[in-house]
Amino acid sequence: MARRFTYDDWMESQGIPIHRGYYVEDLRTAELGWWEDRQVDAAFMQLRGMEGVVEGRIEEIPPGHSLPPLKLSVDEQVYVLGGRGVATVWTDDARPKKTFEWATRSLFLVPRNSYCQLTNMDGNNPARLLHYNYLPIAMSATPDPDFFVNNPYSTNSFLHSTDEFYSEAKAVMEEGEGAFAGRGRQVWHGNFFPDMAAWDKLVPFWGRGAGGHVVFIQSPGSEMHAHMSVFPARTYKKGHRHGPGRVIVIPGGEGYSVMWEEGQEKIVIHWHEASCFVPPDRWFHQHFNLGRADGRYLALHPPNQFMGMSEKVTDRGRDQIEYPNEDPWIREYFESQLAERGMTSEIPAEAYEDPTYEWDYSKSSD
Ligand SMILES: [Fe+2]
């Protein structure tokens, strides 16, 4: 990619590893290096599809240690790759600090202009976290990297907008678009989700195939949002495409995803817990479950400006590939991968004949 951004220069000047390419097979074991400025072992991820839009940062806390407090001027989502600990979050005023415990596969939001100190409560094992934010975009608008770290600007309006900032998420019905038009869309509003592998409040992901289910997540008071898709063993979702910056990390399951630019060679990414990949801008991608249980992928979303058009009905013919219209290789490769494992596909034959075929979601538990 020829274009460079302020964020790229800043990132490369920090002296820690940068993971590039299409995916990181296991974020729990990805190489880190000592980051003098932040006093932590860390690495950046700049996968294809992230460039210039979102930051991905891996950090590890030694057993029983606390990291120095950090105040960023942007909201940040944190996904726990492994370990357990405590987060303490506060603002410059004398308001009480907010503290909560996190563990493997927790997802939480650190609000802008707040200090956050992370402590590893396990005396024997390190804790590793994935941090996700919109710093590249912010640094394009204000090309002064220091502006965003430990800036003395003070506000308590977001963290203290509610007494229950980190309490249980609440379901809110929002108007649906695309395949959700007329049905409404259930969105969970919250800033702390204790375990994404155990989360079971799901709704059908209409139109995307495989009988898949989904939870949409929104942090109220922030523009950050996410979704997690859950889909059954021995099935696969429909190929589709959208904008860049959706960082996908796997809370559980085993499978692979295929990504390709229209008319170009396909890239196969095998995944399991803590694998991470990012579909590049406007590349088709498709997710396949090779396990014996549900597969899950958590997608951390870029700013709304970059979400792309794939959820709008008018674009579905262009941005989603129905099963009957697939490249035959998609089905053949899936079935051969299953056969190697002594399994067969659960995609019904009708789905390959009728482009409007829909799973019977009335049988599902919700
Ligand atoms: Fe996608």
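How many residues of domain 1 are in contact with how many residues of domain 2?

A: This is a predicted model: local features need pLDDT of at least 70, side-chain atom pairs count only at pLDDT 80 or more, and totals for chains, interfaces and linings use all residues. Residues are numbered from 1 along each chain as its sequence is written.

The domains come first. Domain 1 covers 6–148 and domain 2 covers 170–354; such bounds come from an automatic or database domain assignment. Their C-alpha centres lie 25 Å apart. On the domain 1 side, 30 residues are in contact with 32 residues of domain 2. Contact here means that the C-beta atoms, placed from the backbone, lie within 7 Å.

Several strands give two or more residues to the side of domain 1 that touches domain 2: S2 (23–24), S7 (76–82), S9 (98–103), S10 (107–110) and S12 (127–133). Strands (E, at least two residues) and helices (H or I, at least four) are DSSP runs, numbered from the N terminus. By class, this side has 20 nonpolar, 4 polar and 6 charged residues. Ala, Val, Leu, Ile, Met, Phe, Trp, Tyr, Cys and Pro count as nonpolar, Asp, Glu, Lys and Arg as charged, and the others, Gly among them, as polar.

Take S12 from that list. Of its 7 residues, 7 are buried. A residue is buried if 20 or more other C-beta atoms lie within 10 Å of its own, exposed if 12 or fewer, and partly exposed in between, with C-beta atoms placed from the backbone. Both faces of S12 are covered. One side carries Ala 127, Leu 129, His 131 and Asn 133. The other carries Arg 128, Leu 130 and Tyr 132. In a regular strand the side chains alternate between the two faces of the sheet.

Now the partners of S12. Strand S5 (residues 55–61) runs antiparallel to S12, joined by 7 bridges. Strands pair if DSSP finds at least two bridges between them. S7 also pairs with S12 in the antiparallel sense, over 6 bridges. Arg 128 in S12 has Glu 60 opposite. Gly 82 likewise stands opposite Arg 128.

S6 and S11 (residues 114–120) pair over 3 bridges, antiparallel. There, Leu 70 stands opposite Cys 116 in S11.

Some loop residues deserve a look. Most residues other than glycine have a negative phi. Asn 150 has a positive phi, near 50°. Asn 150 sits in the loop between helix H2 (135–141) and strand S13 (170–174). Asn 150 counts as exposed because 12 C-beta neighbours lie inside 10 Å. Ala 274 also has a positive phi, near 75°. Its place is the loop between strand S22 (267–271) and strand S23 (276–277). Ala 274 is buried because 23 other C-beta atoms lie within 10 Å.

Last, helix H4 (residues 328–340). H4 has 13 residues and reaches 19 Å from its first C-alpha to its last. That is close to the 18 Å expected, a span of 1.5 Å times one less than the number of residues. Gly 342 follows H4, with a positive phi near 75°.

Technical notes
Two residues are in contact if their C-beta atoms, placed from the backbone, lie within 7 Å.
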